[in-house]
Amino acid sequence: MLLIPCPHCGERPEIEFTYGGEAHLVRPADPSTLDDAAWADYLYMRTNTKGVHAERWRHARGCGRFFNALRDTTTDRFLATYRIGEPRPAIAAGGAR
Amino acid sequence: MPEAPARHVPSLPSADWMSPLPPATRLAFQGGLAARAAAARVFPLPDAQAVCQARCDGDRAGLWLGPDECLLLAPATTGAAALLEALRSAIGTAAHSLVDVSHRQVGLEIRGPQAERILNGACPLDLSLEQFPVGRCTRTVLAKAEIVLWRTQAQHFRVEIWRSFAAYAAALLQEIARDYVV
């Protein structure tokens, strides 16, 4: 089973977690000023990265907290996990772990 | 106020290695550091940094579930209303949430030399004493049910499980135990 390092609880089995989609998306401050294309871009368009991907996870059956993770989508390896609010670590594919 | 409907308590099997625990008072606490420190003056609560640790004082225990969340356990003789009142007056105006969940879940005790193996039949955590020492507690999964698991002694575990899942969990553990206990 894949072990995911929760930044609060440490390494825990994958089935305790739920996936939360791409990380670091910032909601536009005033959506009413956007045109439909820009709003649709925020709502639906994702990078679909091949390689290192920053994404949100939630330790739903554990501490219940959301956190961010860097995962290599080609190998499914977790390169880093970090708490919400912390900056994205600079790690290239094939980095740590 | 209309009389509360009778509480449905699932009848759970007992064995040498498993027994349902008597009713208890349970509170779900969520709050920041200020609320936590204030509540800890009247009830044993683990520090926010004491990850996955339970803190006991006699028959009362506070279980760390998350950096801002605790499960408070006390015997049923400690009424939930009295406990809520004591905690609320201690916490005062600090932002928090305190909910009586006594009837939401039931307790199961799993004990004996095979307890680790029986639980590991449905729980993916490493339950060896080195990785999951006495006093450690966490929310996790038992097959398809969510549980709170607490190691109270080297060979004693307390499982807190929502009561509609309790019969399923107990039956599953019995099935697993056929491999380990005669």
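Q: How many residues does the contact take from chain A, and how many from chain B?
A: The contact takes 11 residues from chain A and 13 residues from chain B; two residues are in contact if their C-beta atoms, placed from the backbone, lie within 7 Å. This is a predicted model, in which local features need pLDDT of at least 70 and side-chain atom pairs count only at pLDDT 80 or more, while totals for chains, interfaces and linings use all residues. Residues are numbered from 1 along each chain as its sequence is written, and chains are lettered from A and ligands numbered from 1 in the order in which they are written.

Q: Which domains does chain B have?
A: Chain B is divided into domain 1 (18-103) and domain 2 (104-182), with bounds from an automatic or database domain assignment. Their centres, taken over C-alpha atoms, are separated by 22 Å. Domain 1 of chain B gives 15 residues to the contact between them, and domain 2 of chain B gives 16 residues.

Q: Which strands supply the domain 1 side?
A: Strand S1 (18-20), strand S2 (24-31) and strand S4 (60-66) of chain B each supply at least two residues of the side that touches domain 2 of chain B. Strands are DSSP runs (E, at least two residues), numbered from the N terminus.

Q: And the core, which residues touch the most other members?
A: B:Leu63 and B:Ile110 do, in the largest nonpolar core of 52 residues. Such a core is a set of buried Ala, Val, Leu, Ile, Met, Phe, Trp, Tyr and Cys residues joined through C-beta atoms within 7 Å, where buried means that 20 or more other C-beta atoms lie within 10 Å of a residue's own. This core draws at least three residues from each of domain 1 and domain 2 of chain B.

Q: What does B:Leu63 touch?
A: Not counting residues up to four places away in sequence, its contacts include B:Cys137, B:Val148 and B:Trp150.

Q: How many bridges join S8 and S9 of chain B?
A: Six bridges join strand S8 (residues 137-142) to strand S9 (residues 145-153) of chain B, which run antiparallel; strands pair if DSSP finds at least two bridges between them. B:Thr140 stands opposite B:Ile147. In their hairpin, which has two residues between the strands, B:Ala143 takes a positive phi near 50°.

Conventions: Helices (H or I, at least four residues) and strands (E, at least two) are DSSP runs, numbered from the N terminus. A residue is buried if 20 or more other C-beta atoms lie within 10 Å of its own, exposed if 12 or fewer, and partly exposed in between; C-beta atoms are placed from the backbone.
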